[in-house]
Amino acid sequence: MPEVIFNGPAGRLEGRYQPSKEKSAPIAIILHPHPQFGGTMNNQIVYQLFYMFQKRGFTTLRFNFRSIGRSQGEFDHGAGELSDAASALDWVQSLHPDSKSCWVAGYSFGAWIGMQLLMRRPEIEGFMSIAPQPNIYDFSFLAPCPSSGLIINGDSDKVAPEKDVNGLVEKLKTQKGILITHKIVEGANHFFNGQVDTLMGECEDYLDRRLQGELVPEPAAKRIR
């Protein structure tokens, strides 16, 4: 898969990019865990998500947030990393102007950034949030959440406790016009040690069903005059 360097708001950003053979294929952006706690685009789960979308014909990008690897800049507590993600999506869209839709998948810190990107970009039609941390990060900006998606976490996660994730899910499930799918991986911690295959099986199943038109709200029945 080609290594790429593209311009971000704080300097160059380093990524791995796999274009689809189809000009109008959807785009997928994969966002990695916290830069100051070892998160990079080469994280196993980030790589597996990248490969999952690539196999299904998406034009796919994963990249290092500012300050990681060959990406320039300094850690910016989320604001700059959101700008990095927006620049990454801009860059892919500039190469694929015929692509009409996009997905975003984020893990841990990346899930928080991904959900913020979702609020700013109406072309994002689906999301995956792996082990989000509503106990640490404020998700109140999802008012309302604009797209249907998957939230998945482990029930033995000490970094993002299950009760906090459940609270976020329940709040989102009250919103109309979207369908939130929530999956729990039994026995999994925040890093899904020994459970990555189970995690990816759930993500693959969700994506395949979405691509078949499932797991979205039923269209409102037309009123009979």
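## Glutamine 48

With a relative accessibility of 24%, glutamine 48 counts as partly exposed, because that label covers values between 20% and 50%. This description rests on a predicted model. Glutamine 48 belongs to helix H1, which spans residues 44–55.

Leaving aside residues up to four places away in sequence, glutamine 48 touches Val196 and Met200. Valine 196 is 148 residues from glutamine 48 in sequence, yet their C-alpha atoms are 8.9 Å apart in space.

Strand E5 covers residues 102–107, and six of its six residues are buried. Cys102, Val104 and Gly106 point one way from E5, while Trp103, Ala105 and Tyr107 point the other way. In a regular strand, side chains alternate between the two faces of the sheet.

Strand E3 (residues 27–31) runs parallel to E5 and is joined to E5 by five bridges. Here alanine 28 has tryptophan 103 as its bridge partner. E5 also pairs with E6 in the parallel sense, over six bridges, and valine 104 stands opposite phenylalanine 127 of E6.

## Nonpolar cores

The largest nonpolar core has 39 residues, of which Ile29, Leu61 and Phe63 touch the most other members. Among the contacts of isoleucine 29, not counting residues up to four places away in sequence, are Leu61, Phe63, Cys102 and Val104. Apart from this core lies another of 27 residues, including Trp103, Ile130, Ile152 and Leu199.

## A surface patch

On the surface, Ile136, Val159 and Phe191 form a nonpolar patch with about 280 Å² of accessible area together. Isoleucine 136 sits in the loop between strand E6 (124–130) and strand E7 (149–154).

Technical notes
Residues numbered from 1 in each chain as written. Predicted model: local features only at pLDDT ≥ 70, side-chain atom pairs only at ≥ 80, totals over all residues. Heavy atoms only, no water. Patch = residues over 30% accessible without salt bridge, like charges linked within 9 Å, V, L, I, M, F, W, Y side chains within 5 Å. Areas by Shrake-Rupley, 256 points an atom, 1.4 Å probe, with all protein chains shown as cover. Salt bridge = Lys/Arg side-chain N within 4 Å of Asp/Glu carboxyl O. Helix = DSSP H or I, 4+ residues; strand = E, 2+ residues; numbered from the N terminus. Buried < 20%, exposed > 50% of the residue type's maximum accessible area, 1.4 Å probe, protein only. Contact = heavy atoms within 4.5 Å. Core = buried A, V, L, I, M, F, W, Y, C linked by side-chain atoms within 4.5 Å. Pairing = 2+ DSSP bridges.
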